[in-house]
Structure formats: C-alpha cells, structure tokens
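Subject: Structure handover

Hello,

Please find the structure below. My notes on helix packing and on one record annotation follow.

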Amino acid sequence: MEDISAQLLAELNTQQQNAVQETEGYICLHAGAGTGKTRTLTYRYAYLLSAYGIAPQALWAVTFTNRAAEEMRSRVRSLCGSLVGNPFITTFHGFCALFLRDEITAIGWPKTFTIADVRDVNEILKPILEELKIDGKRYPLRKVWAFIDATKEDQKDYVPAFVGADSTELLRRSEQAPDPLNKIFWRYLFAQRTTYTLDFDDLIILTLHILKSFPEVRERWQERFNEAA
C-alpha cells in the first residue's frame, strides 16, 4: 500500500500533494476550470484508501452530476485496482435517495415512494391547474415550478404538514391561500403526499429533516461509517 501511496503523490504537483495529504479537518480548494480539481479530489480519495486502509464504504465523496460521479468512480478504480470494489461516490441527490430508501419510514412514508423528474412534476401540475381553474397562460408550468422550487428552499416549515398524518391539512391550506401560486403549492404537496411522491428538492430537504429530527437515525448512520472504517 505504501508503494501505491507514493506513486499517487509522485503524479501530483506540490499544491495537489498538500491537498491530498491533509487528512485532518476541513480543506477548501480554490482553482479555475481545467486546473485539476477533480484529479486532486480523486487522488485524495485514493490516497486515503491506500495509505490509511480506510474501507471504501466508510469514505463518501459527493459531487453534483451523475457524469462527474461516474468519472470519479472510474478514476478511483483505475488508481486503486484491487483495493477498491465500488467506491462510495455519489451525487447529492443519489445519496439522499439511498438514505431515504432506508430511513423514510421514520416519518411514516413507505420505502416504495416514487421520485418525480421534471416530466413527472408537470404531469402532476397540469390537472391541479385545471381543477383550480387557473389560467395556464398567466401561470405557465415553468413559472409555477419556479415558485414551488423557491418556496421549498426558502420555507422549509412546510415539512411538518407535508409529512404529517392528516393530508387534508394540505388541502385546507390550499383553500385558504391568498393567491393562485400558493394555492397550487399546497395542492401540489397534497398530490405528492397522497401518492408518496418526492421531487428532487424533497430528497435533500427530507434527508436533512430526518437527520435533525431523529437522533437514532443519525447515530445509526454515524456508526455505519465508523464500523466500515
């Protein structure tokens, strides 16, 4: 393993070596496009596996796109060979989906929940606009979704009503909403709640909600990483 670690470092410049070898606490890399950020992060992951014998299941790397995650997994496999089988490298949403498949029952939802993509969201919204008799030209789907997306990000206090046992509370809030966009928002949550459907915003927001609200779940995942190490 020492030979592999030394070989990894030999292929990096001084700044990259410093980032790869700094294993305690937080580090932040500032670099422009094409300067080797992904290379440095990939080598850091491989270095931790080879130099310290950390199990791949205990070492999680996260990125933004499926393409970037697959590229990093491929690079790590190439660097580490038999030391690593399936590197734990995911997107943010990929990890949250994995987490919720195990833990969403904490909020009373089934593990068989559906994840809605953009097309699915539009199919949910179309009948809602029709039922509420809202003009689709004045409130096109793109505008409606932008409002829902922003509202979920800015007002996470919707979560208790969203995951609560009484889904009719969502309908009540829709009926009492002061404007069409808020009426659609709460009616959309009702449609999600009654079909156990999550959009991409919910994946992250509900993962954070469960980790913050259920210490036993948080501790289980902390132990999961520690035991794998």
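**Helix 6 and its partners**

Helix 6 and helix 7 (residues 141–154) have axes that come within 11 Å and cross at roughly 105°. Axes here are lines fitted to C-alpha atoms, for helices over the stretch in contact, with angles from 0 to 180 degrees between N-to-C directions. Helices are DSSP runs (H or I, at least four residues), numbered from the N terminus. That angle makes helix 6 roughly perpendicular to helix 7 (65 to 115 degrees counts as roughly perpendicular, under 35 as roughly parallel, over 145 as roughly antiparallel and the rest as oblique). Val121, Asn122, Leu125, Lys126 and Leu129 of helix 6 touch Leu141, Val144, Trp145 and Ile148 of helix 7, where contact means heavy atoms within 4.5 Å. By class, these are seven nonpolar, one polar and one charged; Ala, Val, Leu, Ile, Met, Phe, Trp, Tyr, Cys and Pro count as nonpolar, Asp, Glu, Lys and Arg as charged, and the others, Gly among them, as polar.

This is a predicted model, in which local features need pLDDT of at least 70 and side-chain atom pairs count only at pLDDT 80 or more, while totals for chains, interfaces and linings use all residues. Residues are numbered from 1 along each chain as its sequence is written, and side-chain values use heavy atoms, with hydrogens and water left out.

Helix 6 (residues 118–131) also packs with helix 10 (residues 180–195), at an angle of about 125° and with the axes 10 Å apart. The two are therefore oblique to each other. On the helix 6 side, Val121, Ile124, Leu125, Ile128, Leu129 and Glu131 meet Ile184, Arg187, Tyr188 and Ala191 in helix 10. Eight of the residues in this contact are nonpolar, none polar and two charged.

**Helices 2 and 3**

Helix 2 and helix 3 pack at about 45°, with axes 8 Å apart, and are therefore oblique. Gln16, Ala19, Val20 and Gln21 of helix 2 make the contact with Arg39, Thr40, Tyr43, Arg44 and Tyr47 of helix 3. It has four nonpolar, three polar and two charged residues.

Threonine 35 lies in the loop between helix 2 (14–21) and helix 3 (37–52). According to the unreviewed UniProt entry, a "binding site" annotation covers Ala31, Gly32, Ala33, Gly34, Thr35, Gly36, Lys37 and Thr38; such annotations may be inferred rather than shown by experiment.

Regards
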